[in-house]
Amino acid sequence: MKKAVFVALDYDNQKEVQKLLANLGRPEETYIKIGMELYYHYGAGLVTSLVKQGYHIFLDLKLHDIPNTVYQAARQIAHLGVYCTTIHALGGSEMITAAKNGLKDGTAQGSEVPKLLAVTELTSITAKVLSTEQNCSLSMPEQVVSLAQTAKKAGADGVICSPLEVKNLRKKIGSDFLYVTPGIRLTNKSNDDQKRIATPQKAKEFGSSAIVVGRPITQAKNPAQIYHEIKKEFE
Ligand SMILES: O=c1ccn([C@@H]2O[C@H](COP(=O)(O)O)[C@@H](O)[C@H]2O)c(=O)[nH]1
């Protein structure tokens, strides 16, 4: 995977998407993330249109269902020609393998199979919520390692985690696996709903394979300028 900055296009409005993209650079060099908000509004048509324009798309729909349903959904996702996509690691090893098989079976011959990334614990979850609401007896670092182990064994290409966990994951799981990290903030002033955060510079030091950045770019006065500064800091 390219050591990229994925811009999370969390908009409900295609015009805003086009306005932002027009200022980011050549599509072939631009990595963008389409999440539930944009996908549920515009559907697969928007994804295929951006793929045709040359953008590298991370389709972040975080599948979590029984294995057969996830297999069929992953097969459809592969038809779209995206670069990577997500499932929840908590869906279990059978579901993760089903997703991988769906992506393989849905990819046209000669095309690259989308990379499968398993969400460990969302970056909005604190250690307290992990123990008091999820009733998990492991610490956050242990739980993230455990989910990453399951994901790797089941055939995922990598995980979504906090940059804070990457150093430990590289030690415990290895560097032949992807560590894609949202939870990126430029300062400590505004975390929004993110809890396990780091700056792009720290994410680079910790060894993130790629970072995902939404609001720090999309809500900036000059989104393109911030995007290029983050790229320079991380890549
Ligand atoms: O654990 C996770 C998994 C996915 N995300 C997604 O990343 C972006 C982050 O956006 P910000 O505006 O930079 O907070 C968003 O689309 C999430 O759905 C995540 O944050 N944490």
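Predicted model: local features only at pLDDT ≥ 70, side-chain atom pairs only at ≥ 80, totals over all residues.

Mentor: Residues are numbered from 1 along each chain as its sequence is written, and helices (H or I, at least four residues) and strands (E, at least two) are DSSP runs numbered from the N terminus.

Trainee: Which residues is F6 in contact with, leaving aside its neighbours within four places in sequence?
Mentor: Two residues are in contact if their C-beta atoms, placed from the backbone, lie within 7 Å. With those neighbours within four places left aside, F6 is in contact with Y31, I32, K33, F58, A210 and V212.

Trainee: Does T181 count as buried or exposed?
Mentor: A residue is buried if 20 or more other C-beta atoms lie within 10 Å of its own, exposed if 12 or fewer, and partly exposed in between, with C-beta atoms placed from the backbone. T181, found in strand 7 (residues 178-181), has 29 C-beta neighbours inside 10 Å and therefore counts as buried. Beyond its neighbours within four places in sequence, T181 is in contact with C161, S162, P163, V166, A203, S208, I211 and V212. By contrast, Q53, which lies in helix 3 (residues 44-53), counts as exposed because it has 11 such neighbours inside 10 Å. Q53 and E28 are 25 residues apart in sequence, with their C-alpha atoms 8.2 Å apart in space.

Trainee: How are two packed helices described?
Mentor: The description uses the angle between their axes and the distance between the axes. Axes are lines fitted to C-alpha atoms, for helices over the stretch in contact, and angles run from 0 to 180 degrees between N-to-C directions. Angles under 35 degrees count as roughly parallel, over 145 as roughly antiparallel, 65 to 115 as roughly perpendicular and the rest as oblique. Helix 4 (residues 67-79) and helix 5 (residues 93-106) pack at about 30 degrees with their axes 7 Å apart, and are therefore roughly parallel to each other. The residues of this contact divide into 11 nonpolar, seven polar and three charged, where Ala, Val, Leu, Ile, Met, Phe, Trp, Tyr, Cys and Pro count as nonpolar, Asp, Glu, Lys and Arg as charged, and the others, Gly among them, as polar.

Trainee: At what angle do helix 5 and helix 7 cross, and which residues meet?
Mentor: The axes of helix 5 and helix 7 (residues 140-154) come within 8 Å and cross at roughly 45 degrees, so these two helices are oblique to each other. In their contact, S93, I96 and T97 of helix 5 meet T150, A151, K153 and A154 of helix 7, and by class there are three nonpolar, three polar and one charged residues.

Trainee: How do helix 7 and helix 8 pack?
Mentor: Helix 7 and helix 8 (residues 166-173) pack at an angle of about 45 degrees, their axes 10 Å apart, which makes helix 7 oblique to helix 8. The contact is made by P141, V144, V145, A148, Q149 and K152 of helix 7 together with N168, L169, K172 and I173 of helix 8.
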